[in-house]
Amino acid sequence: MIKLGALMQDWFYSSVLYRIWRRFLTWFGDLYFATEPPSVKGIDLRKVMSLVKKGDILCRKYNYYADSYFIKGAYSHSGICESDEMMVHAIAEGVGEIDVLDFTKDTDGFVILRPHYTDEASVEKAVEFAKSKIGCPYDFIFSKKDKNKFYCHELTWNSLLAAGINIMPKENIVYATDLINACDIIYETKYKK
């Protein structure tokens, strides 16, 4: 039965249906219906730059992107900081790096999370795992089984696993809520949806 599931998944990834699904989700994820400016202000950006450290997790939210309404929880996206300036995250174009300021600006809120690393070596393991996945494709079927494709929270979750931090998601899909429940909140914007 497990083999059949893997065969079906392999077939789907190589099918025309997957290419259509991937294009649709990429297009849908870019739909933005703003009725007012983003909520995050300069004071929040100064705060993130003064607080964020290597190994921290950032989660962000948008009030006006269409896909935000279909992702469970307050935050629709996450990534892990590789330094106090850069981070790794997974988006439709694949796993890549982004400046912390670019990740948080023009959003409607974010939270800085500090995982319970045992030591500096475990921080390094988490960051190195994330960096080793740069260039990997996005996981448009949200399956934790494929270790070569990642959606954002899955990449963050796997980075923590590499550091020995086992967060048990409540569902088959990892959400930002799972990350928040397992980490210390260092800073959270106060803007509501």
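Mentor: A residue is buried under 20% relative accessible area, exposed over 50%, and partly exposed in between. Keep in mind that this is a predicted model.

Trainee: Why is Lys105 called partly exposed?

Mentor: The relative accessibility of Lys105 is 33%.

Trainee: How many salt bridges does the structure hold, and which parts of the chain does the pair of Asp56 and Arg114 link?

Mentor: There are five salt bridges in the structure. One of them joins the side chains of Asp56 and Arg114 at 2.8 Å, N to O. The pair links distant parts of the chain, 58 residues apart: Asp56 is in the loop between α3 (42-51) and β1 (57-61), and Arg114 is in strand β5 (residues 109-114).

Trainee: Are Asp56 and Arg114 buried or partly exposed?

Mentor: Asp56 has 1% relative accessibility, so Asp56 counts as buried. Arg114 has a relative accessible area of 21% and is therefore partly exposed, since buried means under 20%.

Trainee: Why is Thr104 called buried?

Mentor: The relative accessible area of Thr104 is 0%, and the limit for buried is under 20%, so the term applies. Thr104 sits in helix α4 (residues 100-104). Leaving aside neighbours within four places in sequence, Thr104 is in contact with Val40, Leu45, Val48, Leu58 and Phe110.

Trainee: How do you know that the length of helix α5 agrees with what a helix should span?

Mentor: The expected span is 1.5 Å times one less than the number of residues. For the 13 residues of α5 (residues 120-132) this gives 18 Å, and the end C-alpha atoms are 18 Å apart, so the two agree.

Trainee: Which residues of α5 are buried, and what puts them on the same side?

Mentor: Ser122, Val123, Ala126, Val127, Phe129 and Ala130 are buried in α5. They cover an arc of only 155° around the axis, which is why they fall on the same side of the helix. These buried residues pack against β2 (77-81), β3 (86-91), β4 (94-99) and α6 (152-162). On the face turned away from that side are the exposed residues Glu120 and Lys125.

Trainee: What makes Phe24 part of a nonpolar patch on the surface?

Mentor: Patch residues need over 30% relative accessible area. Phe24 has 39%, so Phe24 passes and is partly exposed. Phe24 lies in helix α2 (residues 16-29). Together with Trp21 and Trp27, Phe24 forms a patch with about 340 Å² of accessible area.

Definitions and conventions:
Residues are numbered from 1 along each chain as its sequence is written. This is a predicted model: local features need pLDDT of at least 70, side-chain atom pairs count only at pLDDT 80 or more; totals for chains, interfaces and linings use all residues. Side-chain values use heavy atoms; hydrogens and water are left out. Patches are made of residues with over 30% relative accessible area and no salt bridge: like charges are joined within 9 Å, nonpolar side chains (Val, Leu, Ile, Met, Phe, Trp, Tyr) within 5 Å. Accessible areas come from the Shrake-Rupley method with a 1.4 Å probe; for residues, only the protein chains shown count as cover. A salt bridge is a side-chain nitrogen of Lys or Arg within 4 Å of a carboxyl oxygen of Asp or Glu. Helices (H or I, at least four residues) and strands (E, at least two) are DSSP runs, numbered from the N terminus. Buried means under 20% relative accessible area, exposed over 50%, partly exposed in between (1.4 Å probe, protein chains only). Contact means heavy atoms within 4.5 Å. The arc is that of the directions from the helix axis to the C-beta atoms.
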